[in-house]
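Dear colleague,

I am passing on the structure we spoke about, placed just below so that you can look at it beside my notes. Please read the notes with the coordinates open.

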Amino acid sequence: VSRSWHEAVVALIAERRNLDLYTLRGALDDQGILFLSRSCPELEEINLCSCGRLTDAALSHVAYNCPKLRSANLSCVRAFTMEGVQALTTTCAHLEDLHLHGCSINEEQLREWFRDFCDLQEEDDDASAQQIDDCMAFK
């Protein structure tokens, strides 16, 4: 990829506050998230639903590079674990909305991590479907 192409892409996405990456779910990997997160420091919302090539490293990249993040849809990414969720929740002070349906996260771990400062809700009566809302400690 040429330098001018790279600079043009960065200029186009630098001010983005919302990235819906669902359409890239088959191609997007941790390196792609590293590039995007570095290029979008103002990011407030990200949708990584079904981006199955991602790992906790991607969540660490987002956490480190996007401190203004308020909402993250991590649904259906089996490689995401509590380690990645903890990276987001401890680094992104504005995080209010976190979707984890279909991730490989133990419900007890999730409840333990969020027990003191969140309203943990189950969606659709499915015990593995979790959403974190109104997490006052993240503000």
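Predicted model: local features only at pLDDT ≥ 70, side-chain atom pairs only at ≥ 80, totals over all residues.

Leucine 48, for its part, is in contact with residues including Leu21, Ile33, Leu59, Val77 and Phe80. In helix α4, the buried residues are Met82, Gly84, Val85, Ala87, Leu88 and Thr89, and they pack against α3, β3, β4 and α5.

Serine 37, which is found in helix α2, is buried, with a relative accessible area of 4%, and its side chain makes a polar contact of 3.1 Å with that of asparagine 65.

There are seven salt bridges by the rule used. In one of them, arginine 3 pairs with glutamate 7 at 3.0 Å between the closest N and O atoms; the two are four residues apart in helix α1, and therefore separated by about one helical turn. Glutamate 42 and arginine 17 form another, at 3.3 Å, and because these residues lie in the α2–β2 and α1–β1 loops, the pair ties together parts that are 25 residues apart in sequence. Arg17 and Glu42 also belong, with Lys68, to a network of salt bridges. Arginine 70 meets glutamate 45 at 3.1 Å, N to O, and both arginine 70 and glutamate 45 are partly exposed.

Definitions and conventions: Residues numbered from 1 in each chain as written. Heavy atoms only, no water. Buried < 20%, exposed > 50% of the residue type's maximum accessible area, 1.4 Å probe, protein only. Contact = heavy atoms within 4.5 Å. Polar contact = N/O pair within 3.5 Å; in protein donor to acceptor, adjacent residues only side chain to side chain. Salt bridge = Lys/Arg side-chain N within 4 Å of Asp/Glu carboxyl O. Lists of a residue's contacts leave out its neighbours within four places in sequence.
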